[in-house]
Amino acid sequence: MSTNATDTRVRLETLWEHDAVKILAIFGVIYLTYALIGLALGYSLDGIVNTLRRMTYLIAVYGMVTLALNLHWGYTGIFNIGIAGFMAVGLYVTMMLAKPTDPAGAAQYAGLGLPMPVAIVGGVVAAGLAGLIVAIPALRLRADYFAITTIAFAEIVRLGITSGALQEFSLFGIELGTGGGRGLIGNYGDPMNVIFELEVFSSFVDLTNSLFGFGPRQARALAYSMVLVIVLTGIYWLIQRTSRSPFGRVLKAIREDEEAAQSLGKNTNHFKIKVFVLGCALMGLAGILWRFRRTGVTPEAFRPHVTFYIWIALIIGGAGSNTGSVLGSGLFVAILFEGPQYFRRLVEQVITFGDAPNTFAGSVAPILSGNTAPFVRYTFEEFQTLQFVLMGVALVFLMHRRPEGLLGHREETAAAIPLIRRSNDDSTAGRGGDSS
Amino acid sequence: MTTEQLLTLVVGLGAFLLLGDLFIGILNGTYSISRVARYAVEGTLYGLIIGLAGIGLSMTYSILNFANFAHGDYVTSGAFFGWGVTYLVAGWGTANFGHLVLVGPQRGVGGSQLEITITSTPVAIMAGLLVAGVGTALFVYLIDRIAYKPMRGSGGIPLLITSIGVAFALRYLIVFVYSNRTRGTTSGDLPSLDLLLVDGWVSVDAHDATLIIAAIALMLGVHLMLQRTKLGKAMRAMSDNRDLALVTGIPTEQIIRWTWMIGGGLAGSAGYLMVLWTGTIDWQFGWLLLLLIFAAVILGGIGSIYGAIFGGLTIGISMHLSMVWLPGGDFTTITAFLIMILVLMIKPAGLFGGKTTA
C-alpha cells in the first residue's frame, strides 16, 4: 500500500518536472478558480468565458513583456526598469504610422496611413532603435546607474508624448502628432480585420454564439486573445531557442562573470547591445498588441506602474526561467492584478456593507470605542488603493523570502555539454593522468 | 580621443553656446533680464529642496550601497506628517481632530481658511517642520527595520528591487490614509520683497525666504555633524570602507540606523518645505521628485553631501533656465533627466567624485 503511494508520488514528481505539465497545472487551477468565482458571483456562461478571456489577454501580454525582461535580466543580467518607455515607443509609432493621413472628424491628428502590418513592424523597429540609443552609451555603466538611465529614458518618452509641443508636429513636411496629454485615437480599421474578414471566422462567430452565447464583438475579442496566446508561444519559443544557442550561452556567461567572458575572447558589449535591442523590440511588440485594438491611448497608460508589474511577475516566476516568466505573469494577473477585485466582489456578495466613512480618520476613530465595522467598510471602499499596497508588500516579501522565485533556482549552465560526471568512467577522474 | 572626451567636448561646446546665446540675448534685449532672473530665483529655490532631499539619498546610497527608490515617498510622508501638525496647531478647535491631522482629506477647512502663512502662524509652521523631520526620521527607521534590515548583506540590486516595492506600498498607503485629493495648504496673503530689475520685477516672498533659511540651516547642521562629531566621523569611515570600519570597532549597525534617520529627517523636512513653497500637497509629489533627486545626487557624485547640494542647485536652475529656450515648462523635467544621463555618460563618478561622505 505504502509502496504504491510512494510510487504514485514519484511518478507525479517526475511528471511535475515537465514544464508543460507545470504550466498546464497552474493555469488549470487559475482558470478553474476563476470559473468557480464567476459561478459564485452568479455570472452567466458568457460572463464566465468573458472573465477567462480577459485573464488570458492580460496574462498573454504581461507574459510577453516578462519574457523579454527575462532575456534582459534573467539571462544577461541587464537591469532594465524602463520597460514602459519601450512599450510606449512601440505603440505610439505604430499608431502614428497606421492612422489615416486625413484627420477627419474626431480623428484629431493625421498619421501616415500605412497598412497595419507595416505599422507594426515600424513600431517594433522603433522600440528596438530606442533600445539601441539607450544601450550604446549606457550599457557600460554600473547596473544601478544603468537602471536609473532606463527609468529616466522611460519618463522622457512619457513626458515627451504628453508635452504640448509634440501634440502635433510635422516631420519633413508630413503632419504627425502624439496627441499630447489628451491621447491619440486609433481611427483605423480593426487591426485584426485580416482574420475577422476571413470566411472561417464567421463560422467561429457562430460557434461561440452557440457555445457561450457570444455576440460578434465578444467572438472577436476571444479570437484576439487566442492570437495573443499564439504570439506568446512564439516569443517563448524564440527566447528558449536563443537561450540554448551558443549566443545564449555567452549571455549566461556574461551574467555570471562578464570579465571571465571577456577573457575568453567574447566581445561582451556587442552581445549585450544585441540582446538589449532584441528585448526592447519585443517589449515594443507587446506594447502594440496590448492596446492597439482600443479606441485610443493616453500617455497615462505608460506610467512606471507597468514596469513595476512586469518586475513582480518576473520575480514571482524566477529570473532566468522562461517557463517561470509565463507562470509568474499568470500568477501575478490571477492573484495580484485581478484577484483583489474579484475577492472584493465575492465578499460583497455575502456581506452587504453600509455606507463607508469618507476619511481614514472617520474609520479609525470608532475603533477606540471598540467598533471596527467602519474601518472594515472603509478598507473595502478603498480596496483598489490597498491592492497597490499589496503589490508592493508582495514584492518586498518575495525579495525577503524567495528572491529566486518559483523556478529561478534551476541551474541553467552556460556549457553546451552536461557537466555531470558520467558514472561509468570514473577510473581516471581526479587522480591525474599517469596513475596506471 | 576617447568617446568620453569627445562627449565632454560636445557637451561643453553646447553649454558654451547656450550661455553665450543667453548673454547676447540679454544684452540685445531678446530675453528679458527680469524673466531670466525670475527663472534663476525659482530654480535656486527648487534646487535647494532637491539638494536637501538629496543629502539623505546620497548618504544611504554610499553607506548601504544601494539606490533607494523609496526616498521620494519619504519626502511625501514627511510633508503629510508635518502639515498635519501645522493644521492642528493653526486650526485647533475649528474642525475635528481627524480632519486636521489628515491635512484635510475632504473639502472643508483648509490652508486658506486657516490662514496659514509663515507670518501669521509661525508657531504652527515651526512645529510642523520639526515633526516633519523627527517623524520621518522615526518612520524611516521603522521601514528600515521591516524592509531592509533582514537583507542587509544582499547586493545593491536585490535591495534596489525591494526599495521599489517599498516605494509602491508606501505611496498607496499614503493615499489610503490621506486620500488622493490635491489640496491647497497656505493662504496666498504674503508679504513679499519686490526688486525692480531693469525691465520688470523679481519678487521673493516670505515663504521663499523661509525655505532658503531653513534649507541652509539644515545643510549647515549636517555639515557640522559630519565634520565635528564622532558620529559624523564614523559615518564617513563607513562610507569609505565598511569592513575596515567594522574591524576598527565602529558599531556599523548603529551608524546605519543614524544614517537612515538623518537622511529620512532631511527628506521629510524637504517635503515639508516644498509644500510650504508651492502651497499645495498631493500624494505623489515626492515620487515625481525622486528622479530629479537622483539626477542631483549623481551629478554631484554619490556619497558627497556637498555634491548633492551642488547637484540639486544645478538641476533646479538648469530646469528653470531651460524655459528661456523651451517655453511652456513641458521640457523642464526632460532637461533635468538629459543632464543626468549626460553626466552618467561623461563622468559617472559625478563632479565631486569619489566615495566620501564629506
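Ala270(B) lies in helix α11 of chain B, which spans residues 252–278. Helices here are DSSP runs of H or I with at least four residues, numbered from the N terminus. The model is predicted: local features need pLDDT of at least 70, side-chain atom pairs count only at pLDDT 80 or more, and totals for chains, interfaces and linings use all residues. Residues are numbered from 1 along each chain as its sequence is written, and chains are lettered from A in the order in which they are written.

Ala270(B) is buried, because 34 other C-beta atoms lie within 10 Å; the cut-off for buried is 20 or more, with C-beta atoms placed from the backbone. Beyond residues up to four places away in sequence, Ala270(B) touches Ile49(B), Leu52(B), Ala53(B) and Val75(B). Contact requires C-beta atoms, placed from the backbone, within 7 Å. Gly188(B) is 82 residues from Ala270(B) in sequence and 21 Å away in space, C-alpha to C-alpha.

Chain B divides into domain 1 (1–30) and domain 2 (32–346), with bounds from an automatic or database domain assignment. Their centres, taken over C-alpha atoms, are 31 Å apart. Six residues of domain 1 contact six residues of domain 2.

Between the chains, 40 residues of chain B meet 39 residues of chain A. On the chain B side, α4 (97–101), α7 (156–178), α12 (285–300) and α14 (332–346) each give two or more residues. α7(B) gives the most, with 16 residues. By class, this side of chain B holds 30 nonpolar, nine polar and one charged residues. Nonpolar covers Ala, Val, Leu, Ile, Met, Phe, Trp, Tyr, Cys and Pro; charged covers Asp, Glu, Lys and Arg; the others, Gly among them, are polar.

Note on methods:
Buried ≥ 20, exposed ≤ 12 C-beta atoms within 10 Å, placed from the backbone. Contact = placed C-beta atoms within 7 Å.
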